[in-house]
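Reader: I'm new to this and would like to know where the labels come from. Could you take me through a few?

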Amino acid sequence: MRSEASEPVDPQGRRLRNLRVSLTSACNYACVYRVPDGKRLHAQKSALPLAKLLLAVDYLKQVNDLRTLRITGGEPLISPLFDDFMAALEHFEFEDVSLTSNGQLMSRKLPVLLAAGVKRINISLDSLDPQAFQRIARGGELAGVLRGIEQALSAGLQVKINMVPLRGYNHEQVVPMLDYCLARGIELMRMGHLARDRQAFDRQFISMRELLATIAARYSFTSAATATDATAQRFSIPGLGRFGVIANESAPFCASCTRARLSSTGWLHGCLSSSRSHYLGDALELPKDEALARIRELSRQALADKQVERFTGDVMIMKVIGG
């Protein structure tokens with residue numbers, strides 16, 4: 001039985017509540033903002049087998065009061081572990097299980113999601129124009145993604161669209177994307193762009209102020225309530241729907257972050273702004289009591305990696321375990 005006194009907590013009072021698990025580092029896209037060199041990411045040879053990955057989730061949940069789980073990648077739907085991992089989730093009794101995907105294989109994997117009780121999915125979609133889509137994603141097919149989204153909506157799933165606005169790539173697609181989402185009851189989340197190449201960042205970056213001004217030319221909106229642990233500033237268009245802006249540069253969100261990320265290779269990341277990570281694989285070989293003690297200490301170290309206020313990002317980490 002977990003006691004609150006023994007649960008890892010940092011000086012800001014943050015605890016781990018939200019676990020994001022990367023099933024694979026591989027992706028069937030090579031998005032310009034994630035892999036500038038255009039080379040697709042592949043699964044790592046050191047990836048944990050299914051049993052060890054599930055054990056890591058189990059131990060992390062026993063040590064921390066984890067309440068929500070999000071499945072990520074790479075692209076999780078291409079992972080050979082996906083079906084069996086999803087089938088095992090009922091034993092963990094998370095309050096909420098969600099998925100982040102590019103949606104390319106959504107039509108094929110939708111039955112697996114429904115059987116696992118998933119209610120929410122985030123789809124990364126940066127353009128509704130086929131040519132712009134290809135230019136950014138450098139893989140996949142727009143029509144397949146749109147078909148998967150329609151099927152997910154018809155099945156009753158709550159869908160959010162994540163769009164990364166990039167000047168020179170899809171800036172003019174912001175309002176059409178919002179139109180598309182509002183017509184289908186989808187919440188549009190716009191994610192800020194980060195890059196180590198500061199010159200490229202300055203050329204492509206679009207501030208929250210500019211995004212809101214673009215939307216205001218077509219829609220009237222007001223500020224909406226935002227969850228304590230949310231990364232986005234949310235806005236409501238009365239009678240139509242909501243959108244959000246994840247504005248890492250304009251509106252820092254680190255102070256309330258309760259997320260941890262587990263890579264497919266068994267590394268625990270407390271913060272995407274930190275290059276530090278903590279290997280759980282060795283702990284999984286220990287007797288249970290020793291393993292839990294070790295993972296409790298690694299959880300404390302992961303919490304210590306979190307930024308106090310402002311998110312800066314690390315491209316290499318985001319390439320492997322997503323956002």
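Predicted model: local features only at pLDDT ≥ 70, side-chain atom pairs only at ≥ 80, totals over all residues.

Reader: Why is the pair Phe92 and Phe94 called tilted?

Author: Planes under 30 degrees apart count as stacked, over 60 as edge-to-face and the rest as tilted. The planes of Phe92 and Phe94 are at 40°, with ring centres 6.1 Å apart, so this pair is tilted. Both residues are buried.

Reader: And what makes Phe221 and Phe243 edge-to-face?

Author: Their planes are at 85°, and over 60 counts as edge-to-face. Their ring centres are 5.3 Å apart. Phe221 is in the loop between H8 and strand S7, while Phe243 is in strand S9, so the pair ties together parts 22 residues apart in sequence.

Reader: Is Phe243 buried or exposed, and how do you know?

Author: Buried means under 20% relative accessible area. Phe243 has 0%, so it's buried. Phe221 has 23%, so it counts as partly exposed, between the cut-offs of 20% and 50%.

Reader: How do you know that the buried residues of H8 line one face of the helix?

Author: Those residues are Met208, Leu211, Leu212 and Ile215. Looking down the axis of H8, they fall within an arc of 95°, so they line one face. On the other side, Arg209 and Ala213 are exposed.

Definitions and conventions: Residues numbered from 1 in each chain as written. Heavy atoms only, no water. Buried < 20%, exposed > 50% of the residue type's maximum accessible area, 1.4 Å probe, protein only. Helix = DSSP H or I, 4+ residues; strand = E, 2+ residues; numbered from the N terminus. Arc of directions from axis to C-beta. Phe/Tyr/Trp six-rings, centres within 6.5 Å; stacked < 30°, edge-to-face > 60°.
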